[in-house]
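I opened this model to look up its helix, its ring pairs and its cores. My notes are in the order in which I went.

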Amino acid sequence: MKTYIFSLLLSLATLGLTMGQSADPLVTKCVMSAGPTAKYLKDFKVQLAKGGSESDYRFKANMSLWKNTKYRFTMCCSDDSKGQLILSIKDNTNKTALSSYNPETGKSYPYVDFLCNKSGIYQLNYDFLDKQQGSGVGVVSMIR
């Protein structure tokens with residue numbers, strides 16, 4: 001009887017967790033585009049209006065990254081976005097560790113891989129290319 005009650009409670013808890021999650025199609029699409037070897041860790045939903053001439057990224061978030069771990073940062077935009085979502089990662093000394101946009105070539109990448117060589121808190125900076133308006137999602141995955 002105890003096994004039956006435990007199984008029932010476990011099933012109800014699992015059902016409650018899955019029903020409580022919202023299925024955002026853009027997040028799902030972005031997670032799927034990260035590839036089969038990527039394990040989803042976190043997503044950041046970015047929605048920005050057209051910006052001014054400021055040079056700094058407008059959406060900032062902190063995330064703890066671990067040494068000797070390979071991460072994949074995937075950026076996806078909604079269909080109505082005016083610009084491409086780009087990412088810049090800074091370490092605790094405010095030095096840029098990685099960027100998905102190369103200003104010299106003008107090329108932006110839909111994902112970038114990062115082999116973390118020092119554990120710590122990193123700042124993830126998102127914006128749309130040329131400060132355009134848009135909505136998108138940045139997905140952080142761990143590569144196995």
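The entries below record what I looked up.

**Ground rules.** I am working on a predicted model, where local features need pLDDT of at least 70, side-chain atom pairs count only at pLDDT 80 or more, and totals for chains, interfaces and linings use all residues. Residues are numbered from 1 along each chain as its sequence is written, and side-chain values use heavy atoms, with hydrogens and water left out.

**Helix H2.** I took helices (H or I, at least four residues) and strands (E, at least two) as DSSP runs, numbered from the N terminus. H2 covers residues 25-33. I looked up burial there, with buried meaning under 20% relative accessible area, exposed over 50% and partly exposed in between (1.4 Å probe, protein chains only). Leu 26, Val 27 and Cys 30 are buried. Seen down the H2 axis, the buried residues fall within an arc of 100 degrees, so they line one face. That arc is taken from the directions from the helix axis to the C-beta atoms. Pro 25 and Met 32 are exposed on the other side of H2.

What do the buried residues of H2 pack against? They pack against strands S1 (38-48), S3 and S10 (134-143). At the N-terminal end, Asp 24 caps H2, with a side-chain oxygen 3.0 Å from the backbone nitrogen of Leu 26. After H2 comes Gly 35, with a positive phi near 105 degrees.

**Thr 74.** I found Thr 74 in strand S3 (residues 69-77). Thr 74 is buried, at a relative accessible area of 3%. I then listed its contacts (heavy atoms within 4.5 Å).

**Rings.** I searched the whole structure and found 4 aromatic pairs. Rings of Phe, Tyr and Trp (its six-membered ring) pair if their centres lie within 6.5 Å; planes under 30 degrees apart count as stacked, over 60 as edge-to-face and the rest as tilted. Phe 44 and Tyr 126 have ring centres 6.1 Å apart and planes at 40 degrees, so this pair is tilted. The pair links distant parts of the chain, with Phe 44 in S1 and Tyr 126 in strand S9 (residues 120-128), 82 residues apart. Both residues are buried. Ring pairs join Phe 44, Phe 59 and Tyr 126 into a cluster.

**Cores.** A nonpolar core is a set of buried Ala, Val, Leu, Ile, Met, Phe, Trp, Tyr and Cys residues joined through side-chain atoms within 4.5 Å. The largest has 22 residues, and Leu 65, Phe 73, Leu 87, Phe 114, Leu 124 and Tyr 126 touch the most other members. S1, S2 (59-65), S3, S4 (85-90), S8 (111-116) and S9 each supply at least two residues of this core. Another core, of 6 residues, lies apart from it and has Leu 26, Val 27, Cys 30 and Val 137 among its members.

Terms used. A polar contact is a pair of N or O atoms within 3.5 Å; within protein, one must be able to donate a hydrogen and the other to accept it, and residues adjacent in sequence count only if both atoms are side-chain atoms.
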